[in-house]
Amino acid sequence: MHSEAQLDYYKLYHVVSAEIDYFRQIFDTTTDAIFIQDGVTGKILDVNQRVCEMFGYTYEEILTKNVQGLSQGDPPYTDHEAMTWMQTARTSGPQVFDWKAKRKDGDLFWVEVSAKFTFLGEEERYIVTARDIGERKRAEEALRESEALYRLLVEKQNDLVVKIDPKENLLFVSPSYCALFGKSEQELLGSSFMPLVHEDDWEITAKAMEDVLYSPHSAFLEHRALTPDGWKWLYWSGKAVLDRDGSVDFIIAVGRDISDKKRAEQELVDSMRELSDTKALLDAVVGQSPIPMVVASSPDRVIRIINSAFCELVKINEDVEYTKALPELQLSWKDYSPEGELISLNDLPLARTLRGESVRIRDYKIVRADGAERFVDVYGVPINNTRNELIAGFVAFPDVTERKKTEQLMIQTEKMLSLAGLAAGMAH
């Protein structure tokens, strides 16, 4: 027969044993590696199962190791630095820091260490947890590389690049943008670009900013802006970058000073309006231009002039006879709208000018016979004689393929930065 004291002892023993088993189960199933270390020497006294899995050692092997043997081993990842962190945790409270650890096979990896000094019973102990942060470190490194690539890309190009929030404030400005407006980056960041815009262009600028907030979240714009050298015509292509909720996070816009082109266009249009309908005079203006151009007469809708630049754009032989009426043409290239729709002969920009329309199209695509793609801006105007009779149609196709590539690269790089930043945040 057992005495009452013995029964109480056995009951207490079973309760304590059950609690120890319960604690051990929790201790061994947590996803973080946990070390129990001596509060004076730092000797490893106990670890959970996650430590063995993370470092590749058996439980018995781990207990023979010191911190040095589980670390990279070179400063600042040695036993000395580890004890310094421990002492700080003892005197100043819990410490959290990144540490380069080493597995049994020699593989190095990053962990986030949390060290806390405490008493377990009457014994001084350090409770140290380690979490594998390899994915976070890789995401941070990718983010740094992407940011460096992004800045190098922006700083080495002549195009204007800005990043704008939905409230129209500047978040980023390229060196070329600063140089154009004669202001420093610090002066421009956080300010609105609207005060720089010509008041006659405020409405179309505001409309473009509104358009980019809604699907398909892109807009194109030409406006005048005040610079130290006076008013300049700028062309902008803007694209919104969305956050995880589908709302506009910011807008990336790539711009270019087109003042010289606008002056040339205006001079050309003014000149052509004053010209007679003689082909010789048109040849003098169009034939030598570096901008691809086409002229057709009205009302017979016959193509009269195709300059060398246009032949190079669509890759046709300059000797090929194209002086035919539009409905009779067999084109070796194909025209596509910015939305990707194939353009019929009757809706070609030249055909529209022969119906008296002025044509302005951005990011118009031409696909050559060999499959090569070129992007152009389209400027088409009807030409009237002094009696205001329609006598011809004129279309210019400035090649903007390189600008289009720059815009696409900027958007892709910004997405990479957003994804890298998201990955780094999730890894935390």
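## An aromatic cluster

One aromatic cluster takes in Tyr 77, Trp 85, Phe 97, Trp 99 and Trp 110. The model is a predicted one, in which local features need pLDDT of at least 70 and side-chain atom pairs count only at pLDDT 80 or more, while totals for chains, interfaces and linings use all residues. Residues are numbered from 1 along each chain as its sequence is written, and side-chain values use heavy atoms, with hydrogens and water left out.

Across the whole structure, a search finds twelve aromatic pairs (rings of Phe, Tyr and Trp, the last by its six-membered ring, with centres within 6.5 Å; planes under 30 degrees apart are stacked, over 60 edge-to-face, the rest tilted). The pair of Tyr 77 and Trp 99 is edge-to-face, because the ring centres are 5.4 Å apart and the planes stand at 90 degrees. Tyr 77 is in the loop between helix 3 (59–63) and helix 4 and Trp 99 is in strand 3, so the pair ties together parts 22 residues apart in sequence. Tyr 77 counts as buried at 15% relative accessibility, and Trp 99 is buried at 5% (buried is under 20% relative accessible area, exposed over 50%, partly exposed in between, with a 1.4 Å probe and protein chains only).

## The sheet

An open, antiparallel sheet is built from five strands in the order 2-1-5-4-3 (strands are DSSP runs of E, at least two residues, and helices runs of H or I, at least four, numbered from the N terminus; two strands pair if DSSP finds at least two bridges between them). Strand 2 (44–47) and strand 3 (95–102) are at the edges with a single partner strand each, so one side of each has no neighbour in the sheet. From one strand to the next, the twist averages 30 degrees (axes are lines fitted to C-alpha atoms, for helices over the stretch in contact, with angles from 0 to 180 degrees between N-to-C directions).

## Strand 3 and its surroundings

Strand 3 is joined to strand 4 (residues 108–120) by eight bridges. The two make a hairpin with five residues between them, and Gly 106 in the turn has a positive phi of about 90 degrees. Across this pairing, Phe 97 faces Val 113 and Lys 100 faces Trp 110.

Helix 4 (residues 79–92) lies across strand 1 (33–38), strand 3, strand 4 and strand 5 (123–132), and runs at about 160 degrees to strand 3.

## Nonpolar cores

The largest nonpolar core has 28 residues, of which Phe 35, Phe 55, Ile 62 and Val 111 touch the most other members (a core is a set of buried Ala, Val, Leu, Ile, Met, Phe, Trp, Tyr and Cys joined through side-chain atoms within 4.5 Å). Strand 4 gives this core its largest share, five residues. A second, separate core of 26 residues includes Leu 160, Val 162, Val 197 and Ile 251.

## Val 314

Val 314 belongs to helix 11 (residues 308–314) and is buried, at a relative accessible area of 1%. Leaving out residues up to four places away in sequence, Val 314 touches Trp 333, Ile 366 and Arg 368 (contact is heavy atoms within 4.5 Å).
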